[in-house]
Amino acid sequence: MGSSPTALEIIEYEEDSLALVHEEEDEKIESHVPLVSSYNDHIRPLLDAVDKLRHLNVTKEGIQLPTIVVVGDQSSGKSSVLESLAGINLPRGQGICTRVPLVMRLQHHPSPTPELFLEFSGKIVATDEAHVADAINLATDEIAGDGKGISNTPLTLVVKKKGVPDLTMVDLPGITRVPVHGQPEDIYEQIAGIIMEYIRPEESIILNVLSATVDFPTCESIRMSQQVDKTGERTLAVVTKSDKAPEGLLEKVTADDVNIGLGYVCVRNRIGDESYEEAREEEAKLFKNHHLLSRIDKYMVGIPVLAQKLTQIQATIIARCLPDIVRKIDDKLKASISDLNRMPKTLASPAEAMAAFMGIVGSAKESLRKILIRGEFDEYVDDYHMHCTARLVEMLNLYSDELHKCSESDPRRNFLVEEILVLEEARGIELPNFLPRAAFLGILQRKVEGISRMPIDFFEKVWAYIESVVVSVLMHHSENYHQLQFSTRRAGHNLISKMKEQSINWIAEIVQMEKMTDYTCSPEYMNEWNKLMGQLDTFKNKILTHGYSKAEIAGIGEVEAGNIREHQNVLHQAFDLKMKMTAYWKIVLRRLVDYMALHLQFSVQNLVNKEMEKEIFSELMSSHGGAVERMLEESPSVAAKREKLNVSIKLLGESKKVLGNIMDKIATYND
Ligand SMILES: Nc1nc2c(ncn2[C@@H]2O[C@H](COP(=O)(O)OP(=O)(O)OP(=O)(O)O)[C@@H](O)[C@H]2O)c(=O)[nH]1
């Protein structure tokens with residue numbers, strides 16, 4: 001087989017005529033089609049670079065390479081097409097043969113002795129034409145097991161042979177809907193997953209292998225390629241088994257029902273024990289002599305035409321994609337290096353650990369100062385939960401609203417009823433026009449008691465919020481030291497529960513004070529009381545003289561008269577008591593809101609500037625003394641991230657080296 005003409009030799013022979021490939025096709029494949037002779041000089045180094053990148057597995061870093069991906073339904077003839085292009089025997093047959101992605105690198109080399117080897121699992125296994133099929137089967141078994149299972153770990157076959165076209169293609173397992181020969185139940189999903197992974201990138205050219213014996217629109221491979229390449233601009237169709245179904249083939253490829261942008265090439269592969277040369281001769285005869293097949297355009301038939309088209313397409317996509325790949329590798333390398341530099345230093349001594357710890361506390365304090373005190377949210381622009389000054393004032397306003405809207409704060413409710421009752425009960429043997437202070441204090445105490453839960457609930461809510469913020473900031477700043485996180489989280493919880501307890505004790509005292517003493521120096525109290533009392537005569541007139549059941553009191557609203565008429569003897573005093581309480585209650589509520597605001601601000605400042613650091617230190621010291629030393633052990637997630645970044649940097653660095661001088665060559669090619 002070695003001495004006979006291969007695809008490329010045939011191409012070279014027909015070079016001139018093939019250079020005139022359809023104008024229409026030229027536009028799609030780009031106009032500057034390289035001649036095969038000049039191809040090696042210009043594109044070969046670029047192809048070598050891409051192959052080296054593929055070998056380095058740069059796709060792991062999310063960088064897609066220009067690739068010709070061979071897809072087709074099961075037994076459509078994919079392997080046969082590849083072996084026709086390479087002039088070697090690949091595993092062929094019914095059932096599932098290709099079980100792993102097979103990267104085929106065909107390279108023309110001047111020596112008459114072909115060189116073949118397989119690369120997989122970090123190994124290089126030399127083989128020869130006679131044993132390549134067995135070697136592939138053995139390697140496949142090693143990668144995917146010896147059953148019928150499949151794997152997406154690729155196997156690379158390098159074929160260096162005189163005259164083969166310089167082409168790299170990936171052969172993928174054939175698509176099948178129905179599992180056969182003990183294949184796993186989900187074989188379709190598995191294969192479809194691998195195929196999609198390869199054909200989805202815009203950099204991939206899809207070589208869709210279709211058997212002439214089937215209806216193209218029914219092919220699964222067409223359905224799949226159309227999902228990722230609707231217009232077909234990166235799909236080329238190879239129609240195999242032209243010898244088996246020549247009827248209507250011309251019409252099928254001319255009608256193009258399935259949108260193949262890069263065109264069709266009809267071929268006839270090796271059948272049975274035919275040699276490669278016999279197969280090419282038979283193919284040439286078939287398309288020349290068959291009464292139906294000979295009518296198909298000669299630029300659409302035969303393996304040599306396919307080889308020519310593929311090399312042209314490959315050259316075009318490589319030249320188009322490489323500048324982008326160079327840029328992406330550069331960007332990713334820079335990003336990975338800066339990620340690595342931003343990672344915490346590995347700590348070597350307790351002193352370093354202490355310094356790192358101080359740094360964490362310092363930066364957490366600064367973050368908290370910004371969001372809890374200064375209202376600067378640059379570190380949490382989109383996270384509204386962490387815009388603390390705004391959230392705290394929101395909670396304070398809500399608390400104030402609730403206080404003012406609660407039933408205790410509504411002076412219209414049971415108007416004068418409680419006052420009359422209290423006054424009746426406070427009566428003694430004394431002059432009737434003194435307002436007993438005990439009556440006022442009794443009502444005040446009951447009212448204060450009625451709202452006493454509200455400031456406590458407010459503190460519960462506010463401290464729960466502050467706790468979530470403090471813990472989240474502490475966790476964020478200590479994320480690289482998981483041993484520290486446990487202690488800082490506990491310190492955060494302890495600290496907040498102490499602060500909350502202080503707040504609740506403080507407010508309980510305030511509530512107690514409000515119950516015990518009725519005092520204000522505010523002139524507002526007297527003003528308000530005078531205004532309200534000024535309406536007593538009108539009120540009496542309406543209810544007692546005119547018998548109205550309701551009356552409007554400015555500053556209070558419409559009130560019901562109820563059974564006031566029956567208690568005329570205490571009406572004046574009850575009205576006075578009510579108005580004193582109404583005026584004074586406003587002062588009480590204002591104090592309960594203002595004090596809370598001042599206390600909150602004071603506590604938050606204390607927390608951030610003093611208490612937090614103290615608490616974290618004491619927690620660390622009490623946690624068996626070793627929390628800072630334990631920082632010396634790197635957390636598994638940080639160690640893994642560091643390792644991953646180092647691997648990426650090495651890989652991207654090697655890739656960059658591969659592409660070292662390639663930019664000049666791309667420029668030459670694109671010129
Ligand atoms: N007559 C004829 N038979 C062909 C042609 N191409 C392929 N075959 C036969 O079709 C069968 C399947 O071919 P393969 O190349 O193994 O198909 P495949 O798509 O690689 O198969 P899987 O990898 O199993 O999906 C084999 O028996 C081939 O000999 C052709 O052009 N003409």
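The chain has an average pLDDT of 85, and 90% of its residues score at least 70; pLDDT is the predictor's confidence in each residue, from 0 to 100. Across residues 1–38 the pLDDT falls below 50, and this stretch makes 63 contacts in the model beyond near neighbours in sequence, a contact being heavy atoms within 4.5 Å. The model's ipTM is 0.97 and its pTM 0.59.

Two remarks on conventions. This is a predicted model, in which local features need pLDDT of at least 70 and side-chain atom pairs count only at pLDDT 80 or more, while totals for chains, interfaces and linings use all residues. Residues are numbered from 1 along each chain as its sequence is written, and side-chain values use heavy atoms, leaving out hydrogens and water.

Let us turn to packing. A nonpolar core is a set of buried Ala, Val, Leu, Ile, Met, Phe, Trp, Tyr and Cys residues joined through side-chain atoms within 4.5 Å, where buried means under 20% relative accessible area with a 1.4 Å probe, protein chains only. The largest such core holds 92 residues, of which F415, I466, F539 and M631 touch the most other members. A second, separate core has 42 residues, including F120 and L262.

Note on methods
Buried < 20%, exposed > 50% of the residue type's maximum accessible area, 1.4 Å probe, protein only.
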